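Good morning. I will walk through one structure today, starting with a single chain and ending with how two chains meet. Please look at it on the screen.

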4 protein chains.
Amino acid sequence: MKNTIGTHIICTIFGESHGDAIGVCLDGLPAGIQIDMEFMKAQLEKRKAKDRISTQRHEKDEVRIISGLFEGYTCGTPLTIMIENQDMHSADYDATKYRLRPSHADYTADEKYLGYQDYRGGGHFSGRITAPLVAAGAIALQILKDHGIMIGTHMEQCHKAKDTLFEATNQAIKLQLETLANKEFPTLNEDAEAAMRSVIEQAAQVGDSVGGILESAVIGLPAGVGEPFFDSLESVIAHYLYSVPAVKGVSFGFGFAFANAYGSQVNDAILFDQNKVQTKTNHNGGINGGISNGMPIIIHTCIKPTPSIYKEQETIDRISHEAQILQIQGRHDPAIIHRACVVIDSVLALAILDLYMERCASLSIQAKRKEENL
Amino acid sequence: MKNTIGTHIICTIFGESHGDAIGVCLDGLPAGIQIDMEFMKAQLEKRKAKDRISTQRHEKDEVRIISGLFEGYTCGTPLTIMIENQDMHSADYDATKYRLRPSHADYTADEKYLGYQDYRGGGHFSGRITAPLVAAGAIALQILKDHGIMIGTHMEQCHKAKDTLFEATNQAIKLQLETLANKEFPTLNEDAEAAMRSVIEQAAQVGDSVGGILESAVIGLPAGVGEPFFDSLESVIAHYLYSVPAVKGVSFGFGFAFANAYGSQVNDAILFDQNKVQTKTNHNGGINGGISNGMPIIIHTCIKPTPSIYKEQETIDRISHEAQILQIQGRHDPAIIHRACVVIDSVLALAILDLYMERCASLSIQAKRKEENL
Amino acid sequence: MKNTIGTHIICTIFGESHGDAIGVCLDGLPAGIQIDMEFMKAQLEKRKAKDRISTQRHEKDEVRIISGLFEGYTCGTPLTIMIENQDMHSADYDATKYRLRPSHADYTADEKYLGYQDYRGGGHFSGRITAPLVAAGAIALQILKDHGIMIGTHMEQCHKAKDTLFEATNQAIKLQLETLANKEFPTLNEDAEAAMRSVIEQAAQVGDSVGGILESAVIGLPAGVGEPFFDSLESVIAHYLYSVPAVKGVSFGFGFAFANAYGSQVNDAILFDQNKVQTKTNHNGGINGGISNGMPIIIHTCIKPTPSIYKEQETIDRISHEAQILQIQGRHDPAIIHRACVVIDSVLALAILDLYMERCASLSIQAKRKEENL
Amino acid sequence: MKNTIGTHIICTIFGESHGDAIGVCLDGLPAGIQIDMEFMKAQLEKRKAKDRISTQRHEKDEVRIISGLFEGYTCGTPLTIMIENQDMHSADYDATKYRLRPSHADYTADEKYLGYQDYRGGGHFSGRITAPLVAAGAIALQILKDHGIMIGTHMEQCHKAKDTLFEATNQAIKLQLETLANKEFPTLNEDAEAAMRSVIEQAAQVGDSVGGILESAVIGLPAGVGEPFFDSLESVIAHYLYSVPAVKGVSFGFGFAFANAYGSQVNDAILFDQNKVQTKTNHNGGINGGISNGMPIIIHTCIKPTPSIYKEQETIDRISHEAQILQIQGRHDPAIIHRACVVIDSVLALAILDLYMERCASLSIQAKRKEENL
């Protein structure tokens, strides 16, 4: 469905980096949700470039809700959020208009849109399009929180610098998420922050860029959400995550480390504790057979280094195909991974909310539990 | 959409491991495709358990096409493939009926289906449901091949044993895929096969299991396939891959290794060679901005060790919640990763075909290329 | 989505009239529904050709549920119903293989499927494909009935003969539906039955055919089901109804008679009675703004005369395009409208159940009613 | 999908009558279409209230394309059209805030959205939301025209006054559509216009309203577009048409008149003329088996009288449920049917374009025609 996703909460994004406006439309939101605009603004603030380790394009990102909101509450009809583009320096892109930027979408957009794409600032491929996703995600996060479901992301790794990992239980992670919510630079460990900032600054100084890995947790999701096959929790979550530009890897729980483990080492023993079915370990990241088991959902997302670097690169002219040396101009991030945390939280919230509503639908007309029939 | 996926080629799977039959319905197949039944059978043969490193359940897997085929050709209407279940030992599951198997879907199915799920042999969660996927995938692979698109998968890693990786170019990979197509045990390197067989047999001897990583390549896909956001090539491919039981990680190109690289190291320089835009390296795995760039699509899929091990495990009774020791009975695989290659090929083929048809749709009514208008 | 429809209850049909089997797959059914197989058989019996006013093809229509059912209850996974084809006289169609039958799909299938369609007995276009729809509909009708929602259809008109119409209230219609449920020939009025049988027999005697109008009622559907725009109750119901072969008109409530009425004559005054918001009249057929208002949903469906008539007809050869006189062979119905009632009930049930589940989803996570917040 | 529709051209509408703005997002448009803004404006002009037979709310309806357009051409990414609301008299609705307007969506919205809906001016249920549909439709009409496909609608009937009908052939209808395109009041016959204007004015004088029937034609659509079952041309067209407020009936070709005809009277004899397969008559309205046959697609749409009348009506208070007499205030149309023609053209264009693109997709990778294989 291209730029639209979701079964219950149908999310459509639109806009180009240097066009009039960017935005998002959310259809299917329950009526009667009092939107917390302060939270939405705070989320957008987290996504913003704020310091020397980020781009110098400074957009106000003032959100305007142009439909679906009445007297502060969702009215049940499509809620559309618009953000006008303002601080554009389109001329920066004239020099590279005919030089395909390596590892960007310049060539692929050219092939797909036959030359008609808006090339300025990356157009629809710009990371800027994630701003409306963050605004939409803020609403999803708010609804989920009202149902006891929390989501948070920290920087597991940035280049060589590593953070500590999430704890194993819902309760322990809850405390970690509360701390993270107030941090400007999303690490669990203070030393990790310093190390990562240093890594990014060093890359910036030499005109280079770095990437990393994010670890996300979803806690409070009841067991039974997800589908056995094509809409497995992993399928749907990965689908949303891979929509975010620069994501090149997604794994769950023990992730790629499963590859050299024995079954006996990574099977999660089951126990009954605090009146709840739980597992002793959580290698499966809260998901079995595509369905949540009540343990924390743990997700790892790999973000590649931003392709816009100031170092010279080999490329070709997009029309003549002649070899060229490209030196990118404009304002770019040496790393977007710290700004990506809130984007990942946002798309996770949209994914989880969609599946959670499906669960509500089927449960509410379902027969009684089998054992109770006996 | 639960057990249905696809926009153009709509694939619906059904069946339980010990039910009457399992099957798949493919809607949207072009009319006039002469189905190569020998190829379909050969693919199913690859998925089968054949030796001591696999389960001893031996299903004939005789496919019966009950609709959509007329005089050997697809007739354009839904093509339904049915495989009757025969070699079932349902009694094997009575002992564990009330003991939740760790890292299986027993508990999550119980929560989702309120106790009504068919628990025998894993029911709808069984790896057996991938047999119809392989049959469906055989048709997709055949159509893609007719359009010059080839797909193949090898065992990149099985526990500690590693295979060599795919080459960097379409031409070189083509040769590798042709070799792989005839191999019973899908490695590129003969030594790797021996090492992996040994790893699996050792695990089997101690009642344990192993997993690994698969590397897949899609070659011949033209540039311009995929969407910038929610239907990025990565999103759609990951969605299909995560439908396969036991998949816990999916990455593209350089994958999680992007995390500690500099942009200048992993950006793929662009050049024009053999009358084609190409990249010098292929860290991005053939995808930029969610869209194919004409280079080989490279995908890594992590398969966790099969959770059915013969070693004793801690669990609980699903009704009383009392602690139990579980010793799994029945016939199980110490590894499914070698049998998973053909399943991965199959779902990749379904994913790629769906996106490829979208491309055909938009291209065929599209305006001329911009430059040509000047 | 071609042969698949639905958001919550995803229904996929397959099969050709003279192929191996026809069938349907229902995904999304809640687990724990004890399927009433006797009711399903009774519904299929109603659809069958039984007397001289129907085709002489006599199919047993033995339904086989090959997945999704365990110990008599739905297990939450895709439920697939298969009906094997048996009483086929494919040779009857050889003579007309190259003569396009007027008002049939022969030519359009030829254009769509490029000559590869299964032409025997109308292939996938055959009315026979409605048998699985009836089986699927039986399940939907059963679930709806458990939630107090009833659906029924009678022959409002057959050629010149007319039946009385449904009453205006849910209670009165309930009695009418209970009577209809036991009738072999679905009219409300006994005299209408005699007149309609006579009309059909007369048409049969001269090798001709007749059509008519069906009136359907859905009662017990709570207010608030449906969507304001693209999934209005009317949109979704019409979508399903027009899937049934031979349907050429669909209208709601006062239908086309609205065209020459004044607003003051057809606006439905609102009153509060029996602790329920009701309308004095029901010109709007229970739907305002695309959403149910709690009054009976009233639908009119026009069925064209069956195109298979024994009279000579002008046509052309499908390859040479030469003019031909066609005299149809085989076994055909002089009217299908009486057999169509149960088909209409079935697709209505599938449509209503899908929308009803959506309502359950959004309600179950919704905020409290606005007034209650004050 | 609530407020989103389409497989290839995904159309999402949003906005409330007295909210900030209304709009539409079109995703999937081919890149490189030079949008004819003058045509779009002309179409919106046709929808506008212009004289004494229409509402006195005068909106400029200035369309602003905020994404998806670059240098005058579609760039392949979501094209979003926004229309700001300006001439709102929200106070007009205060008096009726608590009185449910008969045959409006006040009560159903209240049940669906639990009191949170934006009630002002009908909110999301307002006919005003059709303005963005007209803007979107203008683009679809333009693309179709470039492919030789034309769509037009005239007022077949307004209360008792009737127009002549469309001719039977593509060529003859083409001339009629060209004439209609320039008419302010869309009738084929001048006398019909006078009679209809008179009918509407008379209704207006007594504070009443009228409805009618629209006849639409789609010409130039190649044979082979549509699907045999759930996406039959009739299903999809009816789905889109019933999205338009006030539509209560949709029929094709001979429509409800099929009910009292014999098969021999209404079967369309097939002939080969002008190097094209054609039918002698067109009772089936260009569709057989859900698929276009190359003859004109003929559709009849019944529009009910506008429910906003100035006469006193019986209703209840929405909170207390006490009986009330309602006298509607504000600015309302005594008829919307003449303004509805362009809306019907627009949704038809969106429906036809979506199906036409599906056809392009399947054809472009399809095998050769069967006969050619021999």
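Predicted model: local features only at pLDDT ≥ 70, side-chain atom pairs only at ≥ 80, totals over all residues.

Start with chain A. It has nine helices and 18 strands. Its radius of gyration is 22 Å, close to the 21 Å that the globule rule gives for 374 residues, so chain A is as compact as a globular protein of that length. Along the principal axes, the C-alpha trace of chain A spans about 75 × 50 × 35 Å. How much of chain A is buried? Buried residues are 67% of its 374 residues. As for contacts, take those in chain A with a separation of 6 or more: 74% of them join residues 24 or more positions apart.

Now the sheet. Chain A has an open sheet of five strands, in the order S1-S2-S3-S7-S4, and the pairing is antiparallel. Which strands sit at the edges? They are S1, residues 4–5, and S4, residues 63–67, each of which pairs on one side only. Inside this sheet, S2 (residues 10–15) and S3 (residues 21–27) of chain A are joined by six bridges. If you want one position to look at, find Cys11(A), which stands opposite Leu26(A) in S3(A). Helix H3 of chain A, residues 130–146, lies across S2, S3, S4 and S7, and runs at about 30° to S3(A).

S12(A) and S13(A) form it, with two residues between them. In the turn, Gln274(A) has a positive phi of about 50°. The two strands, residues 270–273 and 276–279, are antiparallel and share four bridges. Within the pair, Leu271(A) has Gln278(A) as its bridge partner.

Last, chains C and D. The contact takes 93 residues from each of the two chains. On the side of chain D that touches chain C, 42 residues are nonpolar, 35 polar and 16 charged. The copies meet through the same surface, because 100% of the interface residues of chain D are also interface residues in chain C. Strands take part in pairing here too: S11 of chain C and S11 of chain D, both residues 247–252, pair antiparallel over three bridges. There, Ser251(C) stands opposite Gly249(D).

Notes:
Residues numbered from 1 in each chain as written. Chains lettered and ligands numbered in written order. Contact = placed C-beta atoms within 7 Å. Nonpolar A, V, L, I, M, F, W, Y, C, P; charged D, E, K, R; others polar. Pairing = 2+ DSSP bridges. Axes fitted to C-alpha atoms, helices over the stretch in contact; angles between N-to-C directions. Rg over C-alpha atoms; globule rule 2.2 N^0.38 Å. Buried ≥ 20, exposed ≤ 12 C-beta atoms within 10 Å, placed from the backbone.
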